[in-house]
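Subject: Structure handover

Hi there,

Here is the structure I promised to pass on to you.

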Amino acid sequence: MHGLIVLTLVESQSAVPLPRPVRLTWLLLTINFTYTAMGCIQSIACNKSRIKRENIVVYDLSATIDHCPTIIEENSPIVLRYKTPYFKASARIVMPPIARNETWVVGWIQACTQMEFYNTYGDIGMSSWELPQLREGLVRAISDSDGVSYPWYGNTTETVTIVGPTSKPSRFIVSMNDNFYPSVTWAVPVSESNTPLLTNIKRDQSFTTWLVALNTTSKEKILLHTIKWRMRVDIAVDPTLPLGSRARLVGQVYQDQPRVLTRMEPIPPNAMGRPNANDAQVLMWRPRRGPPLVVIPPK
């Protein structure tokens with residue numbers, strides 16, 4: 001509480017008339033406190049957020065990739081599908097009390113930092129899912145938001161919102177998971193033929209995931225943790241074999257576990273807003289001979 005102290009000096013005569021030499025003069029000290037309507041004089045201290053990095057407690061932080069191989073599905077005569085193990089992240093958070101007129105969101109932000117995704121069709125050529133800005137080095141990362149909840153990865157278990165004022169610490173869990181479950185055509189994607197010619201699928205994709213507390217009013221970001229993880233898939237295909245027995249995993253079967261960094265890594269601007277990776281990616285056909293062709297443009 002801040003107050004303005006006003007000192008008032010008041011001269012008072014004694015009640016009983018006395019000779020001038022012995023007349024007493026009393027100095028009465030009056031102390032007045034003047035407050036603003038909110039209980040404090042305007043100052044930086046009144047408006048400054050009380051939330052600091054050291055006040056936020058994070059425990060039971062977990063970041064894993066399921067220890068199981070990628071599952072290959074050959075149920076369709078049109079496409080091969082594969083399902084990778086899940087990346088999972090979770091943390092328990094204790095947020096200190098929140099001041100009035102403040103709202104904080106705590107959760108996961110994720111960005112793709114590298115992507116190679118090639119589907120080879122013998123000596124004819126290959127299709128390739130690409131992120132042009134990332135491929136050309138124009139940006140360091142692209143948001144991997146769900147496309148609605150920017151900058152957050154999602155808005156269900158991935159985030160928690162705390163609206164002030166709160167008088168007690170808030171305790172909660174934020175969690176997320178991610179995996180790949182794409183379809184790849186057996187036939188060349190730019191051909192009208194349905195003849196299976198797919199011979200190899202290779203995918204190598206890297207992500208950075210941040211645990212963040214964000215003040216929605218001031219836009220102040222407090223980075224709590226940084227995680228890096230990678231997913232690699234290598235599938236060899238023999239298109240001459242019967243459906244159901246064409247594809248097999250080769251190379252590394254199990255994924256490397258995520259790394260929780262000991263030092264915080266800043267979030268690049270492109271990881272915070274549009275477009276997200278799904279909207280930014282483009283499917284190219286790159287023939288062995290001739291110019292490349294855009295099969296599916298970015299959204």
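In which order do the 3 strands of the open sheet run, and is their pairing parallel or antiparallel? The order is E3-E6-E11, and the pairing is antiparallel. Strand E3 (57-65) and strand E11 (170-178) are the edge strands, each pairing on one side only. From one strand to the next, the twist averages 10 degrees. (Angles run from 0 to 180 degrees between N-to-C directions, with axes as lines fitted to C-alpha atoms.)

Before I go on, please keep in mind that this is a predicted model: local features need pLDDT of at least 70, side-chain atom pairs count only at pLDDT 80 or more, and totals for chains, interfaces and linings use all residues. Residues are numbered from 1 along each chain as its sequence is written, and side-chain values use heavy atoms, with hydrogens and water left out.

Strand E6 (residues 87-95) pairs with E11 in the antiparallel sense over 9 bridges; two strands count as paired if DSSP finds at least two bridges between them. Strands (E, at least two residues) and helices (H or I, at least four) are DSSP runs, numbered from the N terminus.

Now to the salt bridges. Side chains of opposite charge can pair when their charged atoms come close. The rule used here asks for a side-chain nitrogen of Lys or Arg within 4 Å of a carboxyl oxygen of Asp or Glu, and the count comes to 9 salt bridges.

- Glu 130 and Arg 286 form a salt bridge, with the closest N and O atoms 2.8 Å apart. Glu 130 lies in strand E8 and Arg 286 in strand E17 (residues 282-287), so this pair ties together parts that are 156 residues apart in sequence. Glu 130 is buried, at a relative accessible area of 7%, while Arg 286 is partly exposed at 28%. (Buried means under 20% relative accessible area, exposed over 50%, and partly exposed in between, with a 1.4 Å probe and protein chains only.)
- Asp 234 and Lys 202 meet in a salt bridge at 3.7 Å, N to O. Asp 234 belongs to strand E14 (residues 221-237) and Lys 202 to strand E13, 32 residues apart. Asp 234 is buried, with a relative accessible area of 19%, and Lys 202 is partly exposed, with 42%.
- Lys 228 pairs with Glu 265 in a salt bridge, the closest N and O atoms being 3.0 Å apart. Lys 228 is in strand E14 and Glu 265 is in the loop between strand E16 (259-260) and H3, 37 residues apart. Lys 228 counts as partly exposed at 21% relative accessibility, and Glu 265 counts as partly exposed at 22%. Separately, salt bridges that share partners join Glu 130, Arg 135, Glu 136 and Arg 286 into one network.

The volume is the space filled by probe spheres set on the points.) E7 gives the most to the lining, with 4 residues.

Best wishes
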